[in-house]
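Subject: Handover of a structure

Dear colleague,

Please find below the structure that I am passing on to you. My notes on it follow directly after.

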Amino acid sequence: MKKFILGTAMALVMSTAAPAETVGVSMAKFDDNFLTVLRNGMTDYAKTLSGVTLQVEDAQNDVSKQQSQIQNFIASKVDAIIVNPVDTDATTAMSKLAADAGIPLVYVNRQPVNVDTLPEKQAFVASNEQESGTLETKEICRILGGKGKAVVIMGELSNQAARMRTQDVHDVIKTDECKGLEIVEEQTANWDRTQGADLMTNWLSSGIEFDAVIANNDEMAIGAIQALKAAGKDMSKVVVGGVDATQDALAAMQAGDLDVTVFQDAAGQGKGSLDAALKLAKGEKIDKKVYIPFQLVTPANVKDFVTKN
């Protein structure tokens, strides 16, 4: 009788215990300041959740490698998949792989090309890119008094965020308040600090004159700042803006070199994507698009953001 009671009690405990859940995560690349904060935010949050295990892989900016990782996750029968896409135009095939396998999939940070037609049990967690470039460019326009010459440094053109942030710049410049701004150069530096510095060095060597640098992210803005300072330029006479509010960017702002950035909550996106994946794995309904707001950062409020990213 005692054995029966003990066995019944153990069965009850096992039936009420939370099931273990494994989530496969494919990041576009580990070697990126912003994406590192996002990844750490996700993994740190997972440590606070009972029975949740993350299997995190580095796609090394290779689309085929990322697709193979998704296939491996499916073969391993993970409960859900989170993808930070290498190429946002390649997500339709990734969605089909997961949908055919019946495994929930959540895209994080970079908007998939099929965001408006995602299959069931799939979602997108990020910030609305229409806000990022808009906030950045409006503030630069305000600082310049609505007129001047600007150069635009774009991210990877295969990435929806780069295209959207650049379109934001053009949209702001079309407004009555900012139509005195002129874009004199616009090229990509692929989100990279070194490429941003090289691009700026080339522009300076070509004798291009400008009053502002509008970069799609902080890494490229910092690269541009390094090149400007190496050329002996007076940073008080050049307005430089970026997006992400990374710790390096905030330090540059506190040093008086960066004038504008936009806080994108990397850790919050990481946490939000894991929450979404776990809810979908449990069969819960969630919004197809989950947005975490951007916030403008300037020298006036930079101290409020120093510990956030």
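Does N109 count as buried or exposed, and why? In this predicted model, N109 counts as buried because its relative accessibility is 8%, and the cut-off for buried is under 20%. The residue sits in the loop that runs between β4 (105–108) and β5 (122–126). Its phi is positive, at about 75°, although N109 is not a glycine.

N190 belongs to the loop between β7 (180–188) and α7 (193–205). With a relative accessibility of 26%, N190 counts as partly exposed.

I turn now to the nonpolar cores. The largest one has 35 residues, and the members that touch the most others are I153, M200, F210, V213, L228 and V240. At least two residues of this core come from each of β6 (147–154), α6 (160–173), α7, β8 (212–215), α8 (218–230) and α9 (247–254). The largest share is that of α8, with seven residues. As a general background, nonpolar side chains in soluble globular proteins tend to be buried together.

For M200, the contacts beyond its neighbours within four places in sequence are V151, F210, V213, A224, A227 and L228. Another core, of 27 residues, lies apart from the largest one; its members include I82, A276, A277 and I292.

Yours sincerely

Key
Residues are numbered from 1 along each chain as its sequence is written. This is a predicted model: local features need pLDDT of at least 70, side-chain atom pairs count only at pLDDT 80 or more; totals for chains, interfaces and linings use all residues. Side-chain values use heavy atoms; hydrogens and water are left out. Helices (H or I, at least four residues) and strands (E, at least two) are DSSP runs, numbered from the N terminus. Buried means under 20% relative accessible area, exposed over 50%, partly exposed in between (1.4 Å probe, protein chains only). A nonpolar core is a set of buried Ala, Val, Leu, Ile, Met, Phe, Trp, Tyr and Cys residues joined through side-chain atoms within 4.5 Å. Contact means heavy atoms within 4.5 Å.
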